[in-house]
Amino acid sequence: MTTYGSFPGARPRRLRTTPVMRRMVAETRLHPADFILPAFVREGVSEPVPIAAMPGVVQHTRDTLKKAAAEAVEAGVSGIMLFGVPEDGKKDAAGTAGTDPDGILQVALRDVRAEVGDELLVMSDLCLDEFTDHGHCGVLDDRGRVDNDATLERYAEMAQVQADAGAHVVGPSGMMDGQIGVIRDALDQIGREDVAILAYTAKYASAFYGPFREAVGSSLKGDRKTYQQDAANARDAMRELALDLEEGADMVMVKPAGPYLDILAKVAEASDVPVAAYQISGEYSMIEAAAEKGWIDRDRAILESLTGIKRAGARNILTYWATEVARTLR
């Protein structure tokens with residue numbers, strides 16, 4: 001038998017020999033507190049409405065939303081991000097249902113705060129797209145373009161209404177220039193310095209939002225490429241980060257997560273506030289669809305995708321699997 005002395009001298013495989021060994025040397029660990037659960041609540045329904053493009057996800061009733069929030073608390077999830085779906089006929093050009101104190105999102109915020117108190121961070125999507133009849137994230141000018149500064153006025157009002165309804169955190173997702181500063185001022189003006197802002201700092205115009213359009217009953221005509229970021233650009237995200245931090249963002253986020261792990265890593269390295277990432281509907285649906293076909297191991301794929309997002313630098317992850325994975329980890 002031929003021997004080769006000590007060759008090879010380095011044997012990295014020694015640290016992969018058993019599950020216990022791999023667990024001990026793992027550099028990245030998922031924890032229930034990492035997760036935020038996005039949830040949809042639909043006005044005027046008596047039963048949850050399944051979202052066909054997102055198997056296992058529903059548009060909640062007010063009652064089932066409260067139950068989902070309680071289950072998230074029990075699983076150790078840190079937060080719930082609420083999206084409101086108004087009844088047909090309540091959308092208009094200005095998205096007034098989004099600032100109506102009795103609109104579905106504000107009602108849901110009050111419901112969930114009453115259910116969970118401070119045991120779960122109650123977060124609200126601060127955007128007009130669910131409430132406008134044209135489906136854009138802001139109001140339009142007379143040429144049909146999103147009017148940045150007019151939209152900021154609507155966001156200021158929306159922030160105050162959401163804070164009054166009980167939001168611990170508001171999540172401005174519209175990608176309007178100056179939105180963080182305007183929202184911070186609006187909150188401070190009504191004495192809500194305690195309400196935090198999770199800035200959607202790098203939100204890309206992505207093909208992976210498709211299933212989300214069904215989830216919120218989107219009325220979008222056209223696209224959002226004039227205000228969401230271009231997939232080709234990375235420096236643009238760093239400029240947005242600098243602006244959001246300067247304007248007072250308490251946390252920042254990259255969306256989508258999986259296709260933009262390089263952006264997430266850059267933002268995490270440069271940011272001095274917590275960094276989140278949103279594993280969006282298309283990322284969720286692709287794994288669920290492939291698993292349904294028997295092409296991949298569903299549970300392993302979910303954990304691998306989330307581990308990759310955290311490894312890239314996310315402190316927190318918005319994922320539709322939040323409660324399920326948190327239970328598994330516990």
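1. A residue is called buried when its relative accessible area is under 20%. In this predicted model, that cut-off applies to strand β4, which spans residues 79–85 and has seven of its seven residues buried.

2. In a regular strand the side chains alternate between the two faces of the sheet. For β4, one side carries G79, M81, F83 and V85, the other carries I80, L82 and G84, and all of these are buried. Both faces of the strand are therefore covered, given that buried means under 20% relative accessible area.

3. Which strands pair with β4? Strand β1, residues 35–42, pairs with β4 in the parallel sense over seven bridges, and P38 has M81 of β4 as its bridge partner. Strand β5, residues 121–126, also pairs with β4 in the parallel sense, over four bridges; here I80 stands opposite V122 of β5.

4. In soluble globular proteins, nonpolar side chains tend to be buried together. The largest nonpolar core of this model contains 93 residues, and F35, I80, L82, Y155 and Y278 have the most contacts inside it. Leaving aside residues up to four places away in sequence, Y155 touches L126, C127, L128, C137, G174, M176, Q179 and I183.

5. How many cavities of 30 Å³ or more does a search of the whole structure find? The search finds one. The largest cavity holds about 80 Å³ of space.

6. The lining of the largest cavity includes F83, D125, C127, K203, R213 and K255. By class, this lining has four nonpolar, two polar and six charged residues. F83, one of the lining residues, is also among the buried residues of β4.

Key
Residues are numbered from 1 along each chain as its sequence is written. This is a predicted model: local features need pLDDT of at least 70, side-chain atom pairs count only at pLDDT 80 or more; totals for chains, interfaces and linings use all residues. Side-chain values use heavy atoms; hydrogens and water are left out. A nonpolar core is a set of buried Ala, Val, Leu, Ile, Met, Phe, Trp, Tyr and Cys residues joined through side-chain atoms within 4.5 Å. Buried means under 20% relative accessible area, exposed over 50%, partly exposed in between (1.4 Å probe, protein chains only). Contact means heavy atoms within 4.5 Å. On a 1 Å grid over the protein atoms alone, a cavity is a set of points where a 1.4 Å probe fits but cannot get out, and a pocket is an open set with protein on both sides within 12 Å along at least five of seven lines; lining residues have an atom within 4 Å of a point. Grid points are joined across faces, edges and corners, and a volume is the space filled by probe spheres set on the points. Ala, Val, Leu, Ile, Met, Phe, Trp, Tyr, Cys and Pro count as nonpolar, Asp, Glu, Lys and Arg as charged, and the others, Gly among them, as polar. Helices (H or I, at least four residues) and strands (E, at least two) are DSSP runs, numbered from the N terminus. Two strands pair if DSSP finds at least two bridges between them.
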